[in-house]
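Colleague: I would like to learn how to read a model like this one. Can we take it feature by feature?

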Amino acid sequence: MLVIRAKNYEELSRKAAKYIANQVELKPNSVLGLATGSTPVGTYKELIRYCQEEGLSFRKIRTVNLDEYYGLRPDHEQSYRHFMDHNLFDHIDILKENTHVPDGLTQDPCAFGEAYDEMISVLGGIDLQLLGIGSNGHIAFNEPNQHFVAPTHLVKLSQNTLEDNARFFDSIDEVPPQAITMGMRSIMRAKRILILASGVNKAEAVKGMLEGEIDPMLPASILQLHPDVVLIADNEALSLCTPE
Ligand code: F6R
């Protein structure tokens with residue numbers, strides 16, 4: 001895994017956006033795997049700037065998102081569909097029909113998961129997958145577990161994740177307890193992976209991912225097995241790592 005250090009969140013966001021912009025420029029019909037959460041917000045802002053001020057076009061780009069809260073309607077303020085529209089898609093020239101976010105209202109998560117993974121394959125697989133990391137080491141909503149789960153699936157969110165994400169809701173009781181998440185198969189099949197980590201609350205997970213054993217109790221550690229992963233992290237997120 002290539003580690004790129006940024007001095008702070010702003011620098012991380014600039015570097016990450018540049019990395020993604022290069023992908024878009026070099027392959028204008030790329031399939032981008034996208035993440036939500038606080039970490040990529042600055043990156044998306046910078047991508048909007050590339051599009052609006054520097055002519056970077058997303059016209060032919062296709063996107064697949066990692067996850068969606070189970071039970072939230074797409075127009076719910078905290079749905080990940082709403083997040084993506086609000087933080088990126090509404091401000092760039094992407095065609096909405098080329099953007100895909102898991103269906104949080106599906107009545108049959110198992111069949112939905114299979115169909116979502118199949119749709120990713122039909123698109124030609126993910127060219128560049130953007131990831132954040134949970135403070136417990138989750139990627140997408142693949143939570144610490146006894147084993148890695150391959151397909152897109154319904155997952156029960158851990159107490160740790162409910163607490164972390166309560167900041168987006170009025171109270172922890174309003175955080176949906178389940179989500180539909182891309183599984184490890186589609187993530188690990190991505191041709192390239194870019195993972196972002198910012199802040200001291202990610203330091204332990206980042207250390208485990210980089211220096212620990214591959215262990216489903218720290219889901220991001222699976223990335224050690226992928227041949228093309230770049231981590232862009234700020235000083236705080238790298239603060240527990242052994243200096244090179
Ligand atoms: C979001 C996602 C999650 C987040 C992670 C970090 O689509 O898949 O894995 O990337 O929970 O979230 P933030 O960036 O809010 O710290």
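Colleague: Which are the buried residues of helix α7 (residues 203–211)?

Modeller: Some ground rules come before the reply. This is a predicted model, where local features need pLDDT of at least 70, side-chain atom pairs count only at pLDDT 80 or more, and totals for chains, interfaces and linings use all residues. Residues are numbered from 1 along each chain as its sequence is written, and side-chain values use heavy atoms, with hydrogens and water left out. Buried means under 20% relative accessible area, exposed over 50%, and partly exposed in between (1.4 Å probe, protein chains only). Helices (H or I, at least four residues) and strands (E, at least two) are DSSP runs, numbered from the N terminus. In α7, the buried residues are Ala203, Ala205, Val206, Gly208 and Met209.

Colleague: What do the buried residues of α7 pack against?

Modeller: Packing here rests on contact, meaning heavy atoms within 4.5 Å. The partners are β9 (192–197) and β10 (229–234). Keep one helix rule in mind. An α-helix has 3.6 residues a turn, so residues three or four places apart point the same way.

Colleague: Now a single residue. Is Ser13 buried or exposed?

Modeller: Ser13 sits in helix α1 (residues 9–26). Ser13 counts as buried because its relative accessible area is 4%. Set aside its neighbours within four places in sequence, and Ser13 touches Gly42, Thr43 and Glu46.

Colleague: How many aromatic pairs does the structure hold?

Modeller: Rings of Phe, Tyr and Trp (its six-membered ring) pair if their centres lie within 6.5 Å; planes under 30 degrees apart are stacked, over 60 edge-to-face, and the rest tilted. There are five such pairs. With Tyr80 and Phe141, they form one aromatic cluster.

Colleague: Which residue lies over the face of Tyr50?

Modeller: A charge sits over a ring if NZ of Lys or CZ of Arg is within 6 Å of the ring centre and within 35 degrees of the ring normal. Arg49 does this for Tyr50, at 5.4 Å from the ring centre.

Colleague: Which residues lie nearest the centre of the largest pocket?

Modeller: They are Thr36, Gly37, Ile133, His138 and Lys202, among 24 lining residues. This pocket holds about 400 Å³. α5 gives the most to its lining, with three residues.

Colleague: Where does the largest share of the second largest pocket's lining come from?

Modeller: Helix α3 (residues 80–87) supplies it, with five residues. The volume of this pocket is about 170 Å³. Tyr69, Tyr80 and Phe169 are among its lining residues.

Methods
On a 1 Å grid over the protein atoms alone, a cavity is a set of points where a 1.4 Å probe fits but cannot get out, and a pocket is an open set with protein on both sides within 12 Å along at least five of seven lines; lining residues have an atom within 4 Å of a point. Grid points are joined across faces, edges and corners, and a volume is the space filled by probe spheres set on the points.
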